Amino acid sequence: MTLLDLAAAAGQVPPETTQQAVGYPALFVLVALGALVPVIPTGALVSSAAVVAFHQQSLPFGLLLVFGVAALAAFTGDVALYWLGRRGVRSRGGSRWLEALRGRATPERLEQAQTRLDEHGVLVLVVSRLVPAGRIPVMLACLLAELPLRRFARGDAPACLAWAATYGLIGILGGSLFSEPWKGVALAVALTLLISAAPSLLRRLRGEPASHGEAP
(Lines give C-alpha, C1' and ligand atoms only; values in the text may rest on other atoms or scores of the structure.)
Protein backbone atom coordinates (compact mmCIF):
# COMPACT_ATOMS: atom_id res chain seq x y z
CA MET A 1 0.00 0.00 0.00
CA THR A 2 1.36 3.40 -0.97
CA LEU A 3 1.46 6.55 1.13
CA LEU A 4 -1.35 7.93 -1.04
CA ASP A 5 -3.49 4.90 -0.24
CA LEU A 6 -2.82 5.29 3.47
CA ALA A 7 -3.70 8.96 3.37
CA ALA A 8 -6.86 8.20 1.42
CA ALA A 9 -7.87 5.54 3.92
CA ALA A 10 -7.41 8.05 6.72
CA GLY A 11 -9.67 10.47 4.89
CA GLN A 12 -6.91 13.05 4.50
CA VAL A 13 -6.32 12.95 0.73
CA PRO A 14 -9.25 11.57 -1.27
CA PRO A 15 -7.92 9.90 -4.45
CA GLU A 16 -10.35 11.70 -6.75
CA THR A 17 -9.45 15.07 -5.29
CA THR A 18 -5.77 14.30 -5.76
CA GLN A 19 -6.36 13.28 -9.38
CA GLN A 20 -8.20 16.53 -10.04
CA ALA A 21 -5.50 18.63 -8.37
CA VAL A 22 -2.90 17.12 -10.67
CA GLY A 23 -4.96 16.36 -13.76
CA TYR A 24 -6.63 19.70 -14.50
CA PRO A 25 -3.45 21.82 -14.33
CA ALA A 26 -1.68 19.21 -16.48
CA LEU A 27 -4.56 19.32 -18.99
CA PHE A 28 -4.32 23.12 -19.16
CA VAL A 29 -0.55 23.10 -19.71
CA LEU A 30 -0.65 20.38 -22.38
CA VAL A 31 -3.53 21.91 -24.34
CA ALA A 32 -2.01 25.40 -24.22
CA LEU A 33 1.35 23.98 -25.28
CA GLY A 34 -0.36 22.02 -28.04
CA ALA A 35 -1.84 25.25 -29.39
CA LEU A 36 1.64 26.78 -29.51
CA VAL A 37 3.35 23.69 -30.91
CA PRO A 38 0.73 21.99 -33.14
CA VAL A 39 2.01 18.44 -32.83
CA ILE A 40 0.46 17.47 -29.50
CA PRO A 41 -2.88 15.63 -29.98
CA THR A 42 -4.85 18.05 -27.83
CA GLY A 43 -8.21 16.72 -29.02
CA ALA A 44 -7.29 13.26 -27.77
CA LEU A 45 -6.20 14.75 -24.44
CA VAL A 46 -9.53 16.51 -23.95
CA SER A 47 -11.53 13.42 -24.95
CA SER A 48 -9.51 11.22 -22.60
CA ALA A 49 -9.96 13.68 -19.74
CA ALA A 50 -13.71 13.72 -20.41
CA VAL A 51 -13.82 9.91 -20.23
CA VAL A 52 -12.12 9.95 -16.84
CA ALA A 53 -14.38 12.74 -15.58
CA PHE A 54 -17.44 10.80 -16.78
CA HIS A 55 -16.56 7.92 -14.46
CA GLN A 56 -15.88 10.08 -11.41
CA GLN A 57 -18.32 10.74 -8.60
CA SER A 58 -18.16 14.48 -9.27
CA LEU A 59 -20.24 14.12 -12.47
CA PRO A 60 -21.31 16.52 -14.02
CA PHE A 61 -18.99 19.02 -12.28
CA GLY A 62 -15.91 17.17 -13.52
CA LEU A 63 -17.06 17.29 -17.14
CA LEU A 64 -17.80 21.00 -16.91
CA LEU A 65 -14.36 21.56 -15.46
CA VAL A 66 -12.72 19.61 -18.27
CA PHE A 67 -14.67 21.71 -20.79
CA GLY A 68 -13.74 24.99 -19.11
CA VAL A 69 -10.07 24.15 -18.64
CA ALA A 70 -9.69 22.87 -22.21
CA ALA A 71 -11.40 25.89 -23.75
CA LEU A 72 -9.39 28.37 -21.67
CA ALA A 73 -6.13 26.58 -22.41
CA ALA A 74 -6.82 26.46 -26.16
CA PHE A 75 -7.72 30.15 -26.16
CA THR A 76 -4.59 31.04 -24.18
CA GLY A 77 -2.37 29.09 -26.57
CA ASP A 78 -4.04 30.53 -29.67
CA VAL A 79 -3.74 34.12 -28.46
CA ALA A 80 -0.10 33.60 -27.47
CA LEU A 81 0.72 32.09 -30.87
CA TYR A 82 -1.11 34.89 -32.68
CA TRP A 83 0.74 37.51 -30.64
CA LEU A 84 4.07 35.89 -31.51
CA GLY A 85 3.01 35.74 -35.16
CA ARG A 86 2.10 39.44 -35.17
CA ARG A 87 5.56 40.27 -33.89
CA GLY A 88 6.95 38.36 -36.84
CA VAL A 89 4.71 40.20 -39.33
CA ARG A 90 5.80 43.59 -38.00
CA SER A 91 9.47 42.62 -37.91
CA ARG A 92 11.57 43.02 -41.03
CA GLY A 93 13.32 39.76 -40.39
CA GLY A 94 10.16 37.90 -39.46
CA SER A 95 10.28 35.31 -36.68
CA ARG A 96 10.63 31.57 -36.28
CA TRP A 97 7.00 31.41 -35.11
CA LEU A 98 5.75 33.06 -38.30
CA GLU A 99 7.95 30.83 -40.43
CA ALA A 100 6.66 27.79 -38.58
CA LEU A 101 3.09 28.83 -39.37
CA ARG A 102 3.96 29.36 -43.04
CA GLY A 103 5.54 25.92 -43.17
CA ARG A 104 2.30 24.29 -41.98
CA ALA A 105 0.01 25.95 -44.53
CA THR A 106 0.24 25.09 -48.21
CA PRO A 107 -0.34 27.97 -50.66
CA GLU A 108 -3.64 26.41 -51.74
CA ARG A 109 -5.00 26.12 -48.20
CA LEU A 110 -3.77 29.60 -47.32
CA GLU A 111 -5.56 31.04 -50.36
CA GLN A 112 -8.76 29.23 -49.36
CA ALA A 113 -8.44 30.55 -45.81
CA GLN A 114 -7.93 34.11 -47.05
CA THR A 115 -11.01 33.85 -49.25
CA ARG A 116 -13.15 32.56 -46.39
CA LEU A 117 -11.80 35.24 -44.08
CA ASP A 118 -12.78 37.92 -46.61
CA GLU A 119 -16.27 36.43 -46.99
CA HIS A 120 -17.11 35.52 -43.40
CA GLY A 121 -14.74 37.50 -41.19
CA VAL A 122 -13.61 36.04 -37.86
CA LEU A 123 -16.53 33.58 -37.86
CA VAL A 124 -14.33 31.35 -40.01
CA LEU A 125 -12.22 30.76 -36.89
CA VAL A 126 -14.98 28.61 -35.41
CA VAL A 127 -14.99 26.26 -38.39
CA SER A 128 -11.19 26.23 -38.61
CA ARG A 129 -10.92 24.98 -35.03
CA LEU A 130 -13.23 22.05 -35.77
CA VAL A 131 -11.62 21.01 -39.07
CA PRO A 132 -8.41 18.98 -38.68
CA ALA A 133 -5.39 21.06 -39.76
CA GLY A 134 -7.70 24.00 -40.44
CA ARG A 135 -6.59 26.26 -37.61
CA ILE A 136 -3.10 27.22 -38.82
CA PRO A 137 -4.03 28.36 -42.38
CA VAL A 138 -6.82 30.58 -41.02
CA MET A 139 -4.58 31.99 -38.30
CA LEU A 140 -1.92 32.76 -40.90
CA ALA A 141 -4.54 34.42 -43.11
CA CYS A 142 -5.55 36.59 -40.15
CA LEU A 143 -1.91 37.53 -39.56
CA LEU A 144 -1.29 38.45 -43.20
CA ALA A 145 -4.50 40.51 -43.17
CA GLU A 146 -3.07 42.30 -40.09
CA LEU A 147 -6.15 41.52 -38.04
CA PRO A 148 -5.83 43.19 -34.61
CA LEU A 149 -5.20 40.86 -31.69
CA ARG A 150 -8.39 41.97 -29.96
CA ARG A 151 -10.54 41.15 -32.99
CA PHE A 152 -8.82 37.79 -33.39
CA ALA A 153 -9.48 37.00 -29.73
CA ARG A 154 -13.19 37.83 -30.11
CA GLY A 155 -13.49 35.32 -32.94
CA ASP A 156 -11.25 32.71 -31.33
CA ALA A 157 -13.14 32.56 -28.01
CA PRO A 158 -16.29 30.88 -29.42
CA ALA A 159 -14.07 28.73 -31.63
CA CYS A 160 -12.26 27.33 -28.58
CA LEU A 161 -15.56 26.76 -26.77
CA ALA A 162 -16.94 24.82 -29.74
CA TRP A 163 -13.71 22.82 -30.04
CA ALA A 164 -13.68 21.86 -26.35
CA ALA A 165 -17.36 20.89 -26.47
CA THR A 166 -16.85 18.70 -29.55
CA TYR A 167 -13.97 16.68 -28.16
CA GLY A 168 -15.59 16.60 -24.74
CA LEU A 169 -18.65 14.96 -26.32
CA ILE A 170 -16.41 12.37 -27.95
CA GLY A 171 -15.08 11.58 -24.49
CA ILE A 172 -18.59 11.35 -23.05
CA LEU A 173 -19.48 8.91 -25.84
CA GLY A 174 -16.50 6.73 -25.03
CA GLY A 175 -17.21 6.87 -21.31
CA SER A 176 -20.87 5.97 -21.72
CA LEU A 177 -20.17 2.90 -23.85
CA PHE A 178 -17.77 1.19 -21.45
CA SER A 179 -17.80 0.67 -17.71
CA GLU A 180 -14.01 0.57 -17.62
CA PRO A 181 -12.44 4.03 -18.19
CA TRP A 182 -9.41 2.73 -20.12
CA LYS A 183 -11.68 1.26 -22.81
CA GLY A 184 -13.47 4.58 -23.17
CA VAL A 185 -10.12 6.38 -23.41
CA ALA A 186 -8.98 3.97 -26.13
CA LEU A 187 -12.16 4.56 -28.13
CA ALA A 188 -11.94 8.35 -27.70
CA VAL A 189 -8.30 8.42 -28.85
CA ALA A 190 -9.12 6.20 -31.83
CA LEU A 191 -11.98 8.48 -32.86
CA THR A 192 -9.87 11.65 -32.60
CA LEU A 193 -7.08 10.06 -34.64
CA LEU A 194 -9.61 8.94 -37.24
CA ILE A 195 -11.02 12.47 -37.45
CA SER A 196 -7.50 13.84 -37.82
CA ALA A 197 -6.56 11.41 -40.60
CA ALA A 198 -9.81 11.73 -42.59
CA PRO A 199 -8.92 14.93 -44.55
CA SER A 200 -5.51 13.54 -45.57
CA LEU A 201 -7.09 10.30 -46.76
CA LEU A 202 -9.67 12.20 -48.80
CA ARG A 203 -6.97 14.34 -50.41
CA ARG A 204 -4.99 11.23 -51.35
CA LEU A 205 -8.07 9.63 -52.88
CA ARG A 206 -8.63 12.77 -54.93
CA GLY A 207 -4.99 12.90 -55.98
CA GLU A 208 -4.39 16.23 -54.27
CA PRO A 209 -0.94 17.08 -52.83
CA ALA A 210 -0.47 16.37 -49.13
CA SER A 211 -0.28 19.29 -46.72
CA HIS A 212 1.40 19.73 -43.37
CA GLY A 213 -1.23 19.17 -40.70
CA GLU A 214 -1.51 19.52 -36.97
CA ALA A 215 -2.76 17.32 -34.21
CA PRO A 216 -6.51 17.66 -33.56
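This is a predicted model: local features need pLDDT of at least 70, side-chain atom pairs count only at pLDDT 80 or more; totals for chains, interfaces and linings use all residues.
Mentor: Residues are numbered from 1 along each chain as its sequence is written, and side-chain values use heavy atoms, with hydrogens and water left out.

Trainee: Why is Ser128 called buried?

Mentor: Buried means under 20% relative accessible area, with exposed over 50% and partly exposed in between (1.4 Å probe, protein chains only). Ser128 has a relative accessible area of 6%, so Ser128 is buried.

Trainee: Where does Ser128 sit, and what does Ser128 touch?

Mentor: Ser128 is in helix α7, residues 124-130. Helices here are DSSP runs (H or I, at least four residues), numbered from the N terminus. Leaving aside residues up to four places away in sequence, Ser128 touches Gly134, Arg135 and Val138; contact means heavy atoms within 4.5 Å.

Trainee: What makes Asp78 and Arg129 a salt bridge?

Mentor: The rule asks for a side-chain nitrogen of Lys or Arg within 4 Å of a carboxyl oxygen of Asp or Glu. For Asp78 and Arg129 the closest N and O atoms are 2.9 Å apart, and the pair forms a salt bridge. Asp78 lies in helix α4 (residues 61-90) and Arg129 in helix α7, so this pair ties together parts that are 51 residues apart in sequence.

Trainee: Are these two partners buried or exposed?

Mentor: Asp78 counts as buried at 0% relative accessibility, and Arg129 counts as buried at 10%.

Trainee: How many salt bridges does the rule give?

Mentor: The count comes to two. Arg135 and Asp78 also meet through their side chains, at 2.6 Å from N to O. Arg135 lies in helix α8 (residues 135-144) and Asp78 in helix α4, so that pair ties together parts 57 residues apart in sequence. Through shared partners, the salt bridges join Asp78, Arg129 and Arg135 into one network.

Trainee: How many aromatic pairs are there, and why is the pair of Tyr82 and Phe152 called stacked?

Mentor: The structure holds two aromatic pairs. The ring centres of Tyr82 and Phe152 are 4.0 Å apart and their planes are at 0 degrees, so the pair is stacked. Rings of Phe, Tyr and Trp (its six-membered ring) pair if their centres lie within 6.5 Å; planes under 30 degrees apart count as stacked, over 60 as edge-to-face and the rest as tilted. Tyr82 is buried at 0% relative accessible area, and Phe152 is buried at 1%. Tyr82 lies in helix α4 and Phe152 in helix α9 (residues 149-177), so this pair ties together parts 70 residues apart in sequence.

Trainee: What is the angle between the planes of Trp163 and Tyr167?

Mentor: The angle is 55 degrees, with 5.7 Å centre to centre, and this aromatic pair is tilted. Trp163 and Tyr167 are four residues apart in helix α9, so they are separated by about one helical turn. Trp163 counts as buried at 2% relative accessibility, and Tyr167 is buried at 4%.

Trainee: How do you know that Arg129 lies over the face of Trp163?

Mentor: A charge sits over a ring if NZ of Lys or CZ of Arg is within 6 Å of the ring centre and within 35 degrees of the ring normal. Arg129 lies over the face of Trp163, at 4.8 Å from the ring centre.

Key. Helices (H or I, at least four residues) and strands (E, at least two) are DSSP runs, numbered from the N terminus.
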